[in-house]
Amino acid sequence: MFFANTPEPPYYACIFTSKRSEGDTAAYDLTAELMDELAAQQEGYLGIESVRDQNGIGITVSYWKSLNSIKHWKEHALHKKAQEKGMKDWYSSYYTRICKVEREYHNK
């Protein structure tokens, strides 16, 4: 499913917006897949939505039950290694934003 199946608010969103550099695409793709799988195993994880355009601009939104869940994911040892590699080799720039989702609506 393209859209994350989130619960009734409130919950939290971690929005990661990035511009890819000319790094190793195969290693990047493999690491991104591994991080998606690993995040899904973390307590408080609710889902993820991710897109990247042809110019290398990407937006990934992961959803979490609490700020504490996000903190633990940020500090996870394998995630920290991926973050370091991303800052060094894969992203020319990025932003991370943490938001509280207070309401949602949709047309499913």
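Visitor: Which residues form one aromatic cluster?

Guide: Phe16, Tyr28, Trp90, Tyr91 and Tyr94 do. Bear in mind that this is a predicted model, where local features need pLDDT of at least 70, side-chain atom pairs count only at pLDDT 80 or more, and totals for chains, interfaces and linings use all residues. Residues are numbered from 1 along each chain as its sequence is written, and side-chain values use heavy atoms, with hydrogens and water left out.

Visitor: How many aromatic pairs does the rule give?

Guide: Nine aromatic pairs. Rings of Phe, Tyr and Trp (its six-membered ring) pair if their centres lie within 6.5 Å; planes under 30 degrees apart are stacked, over 60 edge-to-face, the rest tilted.

Visitor: Why is the pair of Tyr28 and Trp90 called edge-to-face?

Guide: Their ring centres are 5.4 Å apart and their planes sit at 80°, so edge-to-face it is. Tyr28 belongs to helix 1 and Trp90 to helix 3, so the pair ties together parts 62 residues apart in sequence. Helices here are DSSP runs (H or I, at least four residues), and strands are E runs of at least two, numbered from the N terminus.

Visitor: What lies over the face of Tyr28?

Guide: Arg20, at 4.0 Å from the ring centre. The rule asks for NZ of Lys or CZ of Arg within 6 Å of the ring centre and within 35 degrees of the ring normal. Arg97 likewise lies over the face of Tyr95, at 4.5 Å.
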